[in-house]
Amino acid sequence: MIQLFKMAFRDLGRNRRRTFFSALAVGMGLALLMLMASVINGEMGNAIESAITLQSGHIQVRAAGYDENKSSLKWEDLVPNPEQVAGKIAALSQVKAATPRLFASGFISTGDESAGVRIFGIDPQSPASDPYRQGVISGAFLTPDDRDGLLIGNPIADKLHLKTGDQVSLSVNTSNGNVDEQTFTVRGIYTTNTYGFDNATIFLPLAKAQAITQTENHASTIFVLLKDTADTNSVAKALKGTNLEVKTWTQMNSLIVDTETMARSYISFFYLIILAITASVIINTQIMSVYERTREIGILSAIGMRGGRIMTLFLSESFLLAVGGTILGVLLGWLSVYLFNIKGFYIGNMGLSGILIGNTIYAKLTMADTINVTIMTFVVTLLAGLYPAMMASRLEPVEALRAEK
Amino acid sequence: MDVVKVENVTRFYKIGEVETKALRGVDLTIENGEFTALVGPSGSGKTTLLQLIGCLDQPSGGTVWVDGQDVTRLNRNQRADMRRGHIGFIFQFFALIPTLTAFENIEMPLLLNGHTPAERRTRVLELLEAVDLVDRADNRPDQMSGGQQQRVAIARALAPKPALVLADEPTANLDTANGKQVMEIMQRLNQETGVTFVFATHDPRVIKYARRVVTLRDGQVVENTGAKQKV
């Protein structure tokens with residue numbers, strides 16, 4: 001077997017240029033697969049991370065039957081004594097932060113211009129509010145006792161020509177079905193680089209939000225962030241058992257999860273195309289090799305090499321091509337992902353309803369994806385060598401010996 | 001003892017609608033230790049007969065016995081095994097594997113037969129010495145002359161100690177001096193080892209080395225002179 005590999009290695013060396021370009025074809029195919037997988041991971045991962053950190057959290061604990069699309073403020077749809085409930089949840093070791101939040105709807109106006117908004121009543125000091133605090137680009141973040149300040153997203157500020165310190169009128173639905181209007185000062189302007197979120201959301205301190213909506217000591221939800229996403233189901237299970245409903249991020253973000261599943265299915269189709277192209281290059285190269293070496297195959301057969309061993313010889317060449325090509329591919333793949341991530345891929349304000357996507361896509365290459373696509377490419381390259389190897393093994397020695405050198 | 005026995009062998013080829021009769025009922029017996037030439041013009045069937053004896057091809061009719069075995073009944077793998085263990089080949093185009101050194105080319109049949117590295121090394125060095133190419137052991141075919149390549153081919157043919165060596169026009173691609181050297185080596189090895197040599201040729205300078213001459217014409221044996229004659 002070692003001798004066959006030695007022969008196969010030397011046979012590949014007979015036409016180094018062809019061998020190099022064949023391995024390069026395999027390598028480029030693999031690198032492309034790695035880049036595609038990492039971009040999908042990056043984009044979907046970014047969307048999921050944005051949804052979790054900005055909007056849904058890992059878990060939400062809320063009143064049974066609460067519908068986030070309706071943002072009901074009726075007391076029976078809200079969580080009573082939310083600070084107490086949040087305190088119990090925060091005591092769990094897997095929990096990074098548990099904080100009450102109030103969601104309401106309204107519109108913000110200045111003179112003749114107005115915009116519909118979602119209002120998040122938050123605890124500004126909770127670690128769960130860090131993404132918003134870190135996103136402040138003008139002015140200051142909120143404080144818990146701020147009675148007339150609000151934080152608006154950059155797109156809203158642009159639309160309404162607002163700057164820090166400006167006065168705005170905020171009209172809000174209340175728990176008894178009325179609308180309350182108050183004047184606020186733009187305390188700060190923020191961006192999370194997620195247009196879909198920034199364009200619709202303003203922040204108030206929780207106490208002020210509760211006061212303006214007349215929902216004292218109630219919250220729409222307890223927003224829970226975990227230290228590790230993998231703990232979601234186990235923590236959700238631990239929190240069940242009260243009259244409150246526990247929702248996980250997969251349940252709250254089913255659109256993203258379904259979109260990710262669909263994206264991976266589409267990507268699988270493209271994988272097949274790329275692998276088919278790679279395979280056809282290898283088949284072509286190896287068939288040419290068999291034709292060029294027909295007489296040599298006849299000689300090997302004449303000195304007593306069985307067809308099976310001749311097939312093994314050619315499969316050994318495919319194996320070596322697969323090894324060389326996949327090593328090259330992994331290196332090219334890593335390099336591609338690295339270069340891609342220097343600046344990322346700017347997609348601007350791509351707003352898909354229900355999915356928060358940042359304005360720049362970065363690739364995220366996982367070890368699992370690297371291993372999967374590498375194995376796929378390796379196996380396909382080997383299989384591609386099967387037909388030419390069978391061709392070689394089936395040549396009749398007397399016919400093969402007649403072939404031109 | 002008969003190393004080769006050919007009984008009423010025929011070989012037809014059909015290309016499209018045209019049928020070519022390469023051999024038309026050949027009977028021939030070759031005894032152990034012979035140095036026999038198959039001669040005849042182009043198209044006489046000598047190469048075809050050599051290929052049938054060498055299990056490279058199968059007859060359309062008749063029987064071929066090699067080293068006591070009916071080779072016409074063998075399947076593809078069995079014929080390969082027969083060639084590996086009992087028959088050595090020398091071709092006019094030298095037929096060495098270009099990526100292997102002289103040592104490795106000679107070693108190849110021994111490798112296929114499962115000999116140990118030590119056994120292979122001993123046998124190969126012995127043969128390199130016999131063909132006076134010890135200093136060329138590590139050279140590849142493109143680093144050797146035609147005569148040297150053919151000597152390596154002779155050594156390779158003898159490596160597994162076959163019962164029979166078949167040579168198809170062994171000097172066709174060699175100049176007179178190299179051709180003479182190759183024939184003398186073959187003759188000497190035939191005398192020293194007792195291996196049977198059968199070679200196809202139309203070169204009169206080569207025919208003179210044979211102890212027996214079998215002449216073919218139009219696919220039939222027309223003359224059979226030398227040590228053994230069979231009607």
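The exercises below, each with a worked solution, concern a predicted model of a structure with chains A and B.

Residues are numbered from 1 along each chain as its sequence is written, and chains are lettered from A in the order in which they are written. Because the model is predicted, local features need pLDDT of at least 70 and side-chain atom pairs count only at pLDDT 80 or more, whereas totals for chains, interfaces and linings use all residues.

**Exercise 1.** State how chain A is divided into domains, and how far apart the C-alpha centres of these domains lie.

Solution. By an automatic or database domain assignment, domain 1 of chain A comprises 2–51 + 257–402, and domain 2 comprises 65–242. The C-alpha centres of domain 1 of chain A and domain 2 of chain A are then found to lie 50 Å apart.

**Exercise 2.** Determine whether A:Tyr190 is buried or exposed, and list its contacts beyond four places in sequence.

Solution. Begin with the location: A:Tyr190 is found in strand β8 (residues 179–190) of chain A, strands being DSSP runs of E with at least two residues and helices runs of H or I with at least four, numbered from the N terminus. Next, count neighbours: A:Tyr190 is buried because it has 24 C-beta neighbours inside 10 Å, and the criterion for buried is 20 or more other C-beta atoms within 10 Å, with C-beta atoms placed from the backbone. Finally, taking contact as C-beta atoms, placed from the backbone, within 7 Å, and leaving aside neighbours within four places in sequence, A:Tyr190 touches A:Tyr132, A:Gly135, A:Val136, A:Ile137, A:Leu151, A:Gly153 and A:Asn154.

**Exercise 3.** Describe the six-stranded sheet of chain B and the helices that pack on it.

Solution. The edge strands, each pairing on one side only, are β6 (87–90) and β10 (220–225) of chain B. Helix α1 (residues 46–53) of chain B lies across β3, β7, β8 and β9 of chain B, at about 150° to β8(B).

Technical notes. Two strands pair if DSSP finds at least two bridges between them. Two residues are in contact if their C-beta atoms, placed from the backbone, lie within 7 Å. Axes are lines fitted to C-alpha atoms, for helices over the stretch in contact, and angles run from 0 to 180 degrees between N-to-C directions. A residue is buried if 20 or more other C-beta atoms lie within 10 Å of its own, exposed if 12 or fewer, and partly exposed in between; C-beta atoms are placed from the backbone.
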